[in-house]
Amino acid sequence: MLDGLLNWVSFSNPMDNPFYAYGDVYNLPYDIGYKIWELIGGTLAWLLNLLFPDNGVSSFLVSDAVMNALAIVLMAVVIFAVAFIINLTMIWEERKVLGRMMDRRATRIGPLGYFQNLSDGLKTFLKENIMPAKADKMGYMWALSIVIGSSVLIACMIPLSDRWFIVDYGTGLLIIFALFAIAPFTILVAGWAQNNKYSLIGGMRAAAQLISYEVPMLIVFASVALMAGSFNINEIVHAQAETMWYILPLFLGFVVFMVAAIAEAERIPFDLPEAEAELVEGWQTEYSGMKWGLIMLGDYFRGYVACALGAIMFLGGWMLPGIGAGPVPELVFLLKVFLLFFIFIWVRAAHCRVRTDQILNIGWKILLPLSVINLIIVILIKMTGDMPWDMVIGLIPWDSIRGVIPWQ
Amino acid sequence: MAIKYLHKYPKGKNARTLWVLKPMWVTLKKMFKTTFHRPVTIMYPYEKEWIPDNYRGRPGLKFDECVGCGICERMCPPAGIKMIKTDDDAGKTVLRPQVNLGRCMMCGYCAEYCPTNAMIVTPDYELAAYTREELIYGPRKLAWPNHTKMMEVDIEEHLMSDLNKGILNRTVAFYNIDKPELVTEKCIGCTRCVKVCPTDVIEMYTVGENDKGKPIRLPKFELDKCVCCELCVEECPKDALWIKEVL
């Protein structure tokens with residue numbers, strides 16, 4: 001045992017740990033957490049062993065069970081930190097691109113203005129924390145917690161690649177969609193609980209918006225799952241890698257999904273619940289200080305989830321056609337996410353806010369028929385069984401392309 | 001107002017599609033344009049816009065050329081100028097303007113009306129201060145060392161009489177042609193106008209004797225140096241002086 005303690009920087013393979021939870025699938029964030037704990041706990045154990053040779057605590061700190069438990073804790077931290085950094089990057093992207101579209105320069109603090117978010121967060125943190133006297137305390141705080149909590153939860157549940165995930169759900173898409181749809185309902189509760197007319201109108205608008213876009217969005221989810229034959233995100237991505245990106249056969253579904261995702265993330269053309277020009281800040285009016293800051297952060301987490309779902313369902317996830325996963329599949333996936341988020345920003349820069357009756361019209365009269373047509377296309381493709389793009393794929397010399405790529 | 005640009009909006013069969021697509025195209029075009037060229041924003045603290053030589057920033061003062069006539073104090077629209085007593089380089093107590101920049105609206109009237117062009121407009125516009133006291137600029141603080149000819153502003157006008165005569169290119173300043181006139185019958189010879197005159201152009205001279213044998217003294221104006229500040233007119237206890245306006 002002493003040898004094991006002295007070689008605390010050995011960085012052993014986490015898959016050798018008998019408590020490893022993922023079977024024979026490699027998990028990168030677990031590995032990172034495992035190695036971080038090998039450094040921290042191994043150092044502690046080594047120092048304790050120097051002071052008190054052959055004590056029980058040292059061997060306890062580096063035992064398999066403790067290593068596994070603390071690796072999982074550190075893995076959660078790593079996954080959240082990465083999702084948070086992605087989120088900050090997306091806010092930064094929005095600020096820079098929106099600035100250029102508006103013929104102005106954007107943030108300038110730090111390298112390329114990246115640290116503006118941090119200074120904004122600090123400023124929000126220093127603001128006074130006010131709660132209205134006649135607010136319903138329970139609904140006020142619980143709605144806030146659920147909005148932020150569900151947003152952060154689904155942002156952490158998004159797998160960046162087949163090695164960067166928490167749990168490989170069989171029904172991943174369904175769970176993410178279910179958690180995605182909780183927030184608009186709690187917005188209604190939050191609007192009611194604040195005892196403020198603007199908040200209440202904002203909450204009611206959130207409910208009106210919810211019923212108009214959720215149905216077409218769910219049908220698009222169903223059509224993609226039907227196309228891939230699974231709700232598992234990993235299998236959807238691999239199904240696209242085997243055939244082609246679903247954006248080509250299901251372009252209609254992609255358009256419907258993007259419109260509904262913008263509404264889901266409450267971004268500009270469909271930001272009826274917030275509508276800072278009409279309702280002060282909509283359902284967020286009475287949330288002050290860091291509560292508001294966290295709500296904004298949660299909004300961008302939801303934007304990230306919407307873009308990530310779009311990348312998974314229509315742009316092939318972390319796979320590239322002909323190349324496969326590549327050396328850094330997380331980076332490929334994030335580039336696709338940022339590309340989709342660019343479309344969000346572009347729409348935000350180009351369009352003005354729609355009215356409540358207009359979004360109901362768009363949802364029920366345009367998106368719903370389009371999503372049903374999309375579903376019919378999927379059913380026809382599955383019924384014929386003969387993929388119409390097989391002929392197109394056959395024309396591309398995949399073998400010669402693969403030949404020049406070193407990592408295949 | 002929207003009607004004015006109505007022809008620019010999409011019309012016809014594809015109007016609804018164009019209403020969605022056209023703004024997307026416009027913003028994308030703008031993004032590429034501002035990415036490869038520069039946006040209209042001027043990065044103010046790092047780069048500053050060009051300003052002309054006679055830019056009307058805060059007023060400046062040439063201490064030695066000022067005669068302390070107080071025209072600027074009377075002309076200042078927001079009443080931001082106050083004449084205060086101060087020591088000049090020779091140690092003599094003189095009147096000089098003090099500007100409260102918290103009130104100043106940068107109109108430049110003080111520089112326009114200054115008869116000796118001692119008041120100038122300066123290109124200084126970064127005037128933020130932490131207290132209101134810091135914004136009160138005394139005569140010495142108003143100095144602007146590198147002043148140029150362009151910073152002096154003159155107010156000159158066409159005279160109606162000139163225009164009637166057909167002289168169109170002659171402009172004059174009021175302080176060169178409007179001069180004080182004396183109503184001899186009212187004057188009591190108190191010499192207050194002599195004491196108050198900032199340019200020392202008034203002298204008293206004796207015109208005769210009265211019934212009791214005392215000399216009768218009247219002011220005499222050396223009009224070349226007079227700047228028409230009207231201080232003598234205001235000071236006169238018997239309203240014996242008035243400004244003769246040349247029209």
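**A two-chain predicted model**

Of the 408 residues of chain A, 42% count as buried, a residue being buried if 20 or more other C-beta atoms, placed from the backbone, lie within 10 Å of its own. This is a predicted model, in which local features need pLDDT of at least 70 and side-chain atom pairs count only at pLDDT 80 or more, while totals for chains, interfaces and linings use all residues. Residues are numbered from 1 along each chain as its sequence is written, and chains are lettered from A in the order in which they are written.

Chain A has 16 helices and zero strands, where helices (H or I, at least four residues) and strands (E, at least two) are DSSP runs numbered from the N terminus. The radius of gyration of chain A, 24 Å, is close to the 22 Å that the globule rule gives for 408 residues, so chain A is as compact as a globular protein of that length; the radius is taken over C-alpha atoms, and the rule is 2.2 Å times the number of residues to the power 0.38. Among contacts in chain A between residues at least 6 apart in sequence, 78% join residues at least 24 apart, with contact meaning that the C-beta atoms of two residues, placed from the backbone, lie within 7 Å.

The largest nonpolar core has 106 residues, and those with the most contacts inside it are Val224(A), Tyr304(A) and Val305(A); such a core is a set of buried Ala, Val, Leu, Ile, Met, Phe, Trp, Tyr and Cys residues joined through C-beta atoms within 7 Å. Helix H12 (residues 290-314) of chain A gives the most to this core, with 15 residues. Domain 1 (2-100) and domain 2 (136-403) of chain A both contribute residues, so the core lies between them; the domain bounds come from an automatic or database domain assignment. Leaving aside its neighbours within four places in sequence, Tyr304(A) is in contact with Ile86(A), Asn87(A), Met90(A), Ala155(A) and Val337(A). Apart from this core lies another, of 35 residues, among them Val99(B), Cys197(B), Cys228(B) and Cys236(B).

Chain B is divided into domain 1 (59-151) and domain 2 (160-244), and the C-alpha centres of these two domains of chain B lie 27 Å apart. Their contact takes seven residues from domain 1 of chain B and seven residues from domain 2 of chain B.

Where the two chains meet, the contact takes 10 residues from chain A and 12 residues from chain B. On the side of chain A that touches chain B, helix H4 (64-101) and helix H13 (329-350) of chain A each supply at least two residues.

Methods
A residue is buried if 20 or more other C-beta atoms lie within 10 Å of its own, exposed if 12 or fewer, and partly exposed in between; C-beta atoms are placed from the backbone.
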